[in-house]
Amino acid sequence: MVRLRGQLEGQALKLATLANGARDGQLLVVSRDLTRAAPVPAIAPTLQAALDDWTRMRPRLEQAALELEDGRATGSFPFDPVRVLSPLPRAHHWVDGSAYVNHVELVRKARGAEMPPSFWTDPLVYQGGSDDFLAPCADVPVPSEEFGIDFEAELAVVTDDVPMGTVASDARRHVQLVMLVNDWSLRNLIPGELAKGFGFYQSKPATSFSPVAVTPDELGDGWDGGRALLPLVSHVNGSLFGCPEAGADMTFDFPRLIEHVTRTRRLGAGAIVGSGTVSNLDRSRGSSCIVERRMLEQLEHGRPVTPFLRFGDRVRIEMLDQSGASIFGAIDQRVVPAR
């Protein structure tokens, strides 16, 4: 995608939330190269406020972003991902899918659970805690290493108001922003919770999102209208863990996930819909979580080798464009004991 200097081709936006002591922070527009940011208090104080009136707010935010690119923005400053919260520090709704069904199949094998055939035709989702998201560079507190600490590298979209009964073909226009996700999991707690037949809770601590949320057009040719077509890169303690192609084996794209979750309810503006762990059938691309690698080791060697995370371990998740530039900034976090 050719980008013209000083212009917002495709009316693309990058948005972040500055940590300012308030629960919902302060909305920022961010330059496309992630080097500069500017507050926009005259437009909207927070990202949720902007999403609540998105049709009217987006053109004004585009103008503010253009002024930032041209060096005309008032109050601009160097962008530092350490100073931001999640783009939405809390949300009215966070629902995560399992759109990469080959990953679901492997993880269920790890638990000794059968894979119902319907999983290939009907999306699987769960509603996560949305009152407290982790900042993208914040430490991740966990009560015990014995819980089986794992990361899950994913993508998510943020919607405007989506009516109940929205079909996939109409859902595309409701996708307003895209983010990266680390859907932290405590693997050793999951089997006991799911055995009760009532879903995740203690096994799914607070979720992390990328420093920046972007409009889909910011991905250029890396967005096909329903999925990202770029690798999602994960490092653990500085070593490459995986770089699967996000679009290659996504059984259910985001419009299909939105169709599924709105079958019996509507989504309010600012709802977040996650993809689930990105996974490829081509195992040479690596994995986006530890449990998938452990299951592959089990199948190949008869036992898992890769340990779950320990206190002090660091996980970095990022997506780069075709030129090698970071699109969302990186989720870069260290696991620490909860206090």
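User: What is a salt bridge?
Analyst: A salt bridge is a side-chain nitrogen of Lys or Arg within 4 Å of a carboxyl oxygen of Asp or Glu. Here is a case: Glu145 and Arg310 meet through their side chains in one, at 3.3 Å from N to O. Keep in mind that this is a predicted model, where local features need pLDDT of at least 70, side-chain atom pairs count only at pLDDT 80 or more, and totals for chains, interfaces and linings use all residues. Residues are numbered from 1 along each chain as its sequence is written, and side-chain values use heavy atoms, with hydrogens and water left out.

User: Where do Glu145 and Arg310 sit in the chain?
Analyst: Helices (H or I, at least four residues) and strands (E, at least two) are DSSP runs, numbered from the N terminus. Glu145 lies in the loop between β8 (140-142) and β9 (149-150), and Arg310 in the loop between α7 (290-301) and β18 (314-318), so the pair links distant parts of the chain, 165 residues apart.

User: Why does Arg310 count as partly exposed?
Analyst: Buried means under 20% relative accessible area, exposed over 50%, and partly exposed in between (1.4 Å probe, protein chains only). Arg310 is partly exposed because its relative accessible area is 40%. Glu145, at 25%, is partly exposed too.

User: How many salt bridges does the structure hold?
Analyst: There are 21. One of them joins Asp24 to Arg90, with the closest N and O atoms 2.8 Å apart. Those two residues are 66 residues apart and link distant parts of the chain.

User: Which residues do salt bridges that share partners join into one network?
Analyst: Asp150, Glu152, Asp183, Arg187 and Lys204.
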